[in-house]
Amino acid sequence: MDIFLQQLINGVTVGSVYALVALGYTMVYGIIGLINFAHGDVVMVGAMVATTLVVTLLGGDAGGMPPWLAMVTALLAAIPVCMALGWVAERYAYRPLRRAPRLAALITAIGVSIIIQNLAMMVWGRNYLSFPHIIEPNIFELGGARISMLQIIIILSATAIMAGLLLVVHRTRLGTAMRATAQNREVAGLMGVNINTVISAAFLIGSALAAVAGVMVTTYYGVAQYTMGFMLGLKAFTAAVLGGIGNLGGAMLGGLLLGIIESLGAGYIGELTNGVFGSNYQDVFSFIVLILVLVFRPSGLMGERVGDRA
């Protein structure tokens, strides 16, 4: 039971990050029907920017800066960088293809992902960047399991951000415009909604969430590298499909469920297979879940609220 509870805590922590990234996928898809496969690389850029700034502020001329202030500064710098990256991708790569067949936009998204990865490799190199341990490793006992202060911060921060996003979508004029655009772009435009502004806002918000997720990931695992966004993006996409892509609540649920499934699988796979497979096979569970969902429930657990577009 102790192992189960420990893996559950680890799964909720990782799942909270998956949920934040999945929200970026589902917001864009819900409005324009695009799978933005470059979104995972935006997470990577946020992680790299934050890591570079924290290392610089703590180890350079500003070495006297308090760790918490360096962390906040890095986060505040990573968010606008990722937002600018998302806006540029939408404005110059995706907007010209808005009326093109879906396959053209999909291939373009893959191309944007490759471009971002190569630019990141040119800027930061191929080596892993180490993120300094600036959060005190306080450990708390919970029913025989252990939860760290960092895990508590990640879970609570992700919960607050997701709740704030739901308030924006359901209680503000921007959110109303987003939901109207998701229902029918042409009718929303006739009603006075600026479609380009709404779509850009979706990319900006999703990119801001990606920056926060990138900082969480690099803080949690302690490393960042230019290829890290690929696998993280695929897992977050799986979470969005699991919950019901196009549905914000579904993305949150899917992220948490995927994190828990992955963590429990990593904890028990060795015991179930008599040591044949180890915890390093945990990524397999994400794709097993994706295949099962696509086969048995393509609309996801909470369905898809947007209609299929030609």
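Thr26 counts as buried because its relative accessibility is 1%, where buried means under 20% relative accessible area with a 1.4 Å probe and protein chains only. This is a predicted model, so local features need pLDDT of at least 70 and side-chain atom pairs count only at pLDDT 80 or more, while totals for chains, interfaces and linings use all residues. Residues are numbered from 1 along each chain as its sequence is written, and side-chain values use heavy atoms, with hydrogens and water left out.

Let's stay with Thr26, which sits in helix H1 (helices are DSSP runs of H or I, at least four residues, and strands are E runs of at least two, numbered from the N terminus). Its side chain reaches the backbone nitrogen of Asn247 at 3.1 Å. Leaving aside residues up to four places away in sequence, Thr26 touches Gly244, Ile245, Gly246, Asn247, Leu248 and Ala251, with contact meaning heavy atoms within 4.5 Å.

How much can you trust the chain? Its pLDDT (the predictor's confidence in each residue, from 0 to 100) averages 88, and 92% of the residues score at least 70. Helix H8 (residues 195-221) has the highest confidence at 95, and helix H11 (residues 282-296) the lowest, at a mean of 84.

Conventions. Buried means under 20% relative accessible area, exposed over 50%, partly exposed in between (1.4 Å probe, protein chains only). A polar contact is a pair of N or O atoms within 3.5 Å; within protein, one must be able to donate a hydrogen and the other to accept it, and residues adjacent in sequence count only if both atoms are side-chain atoms.
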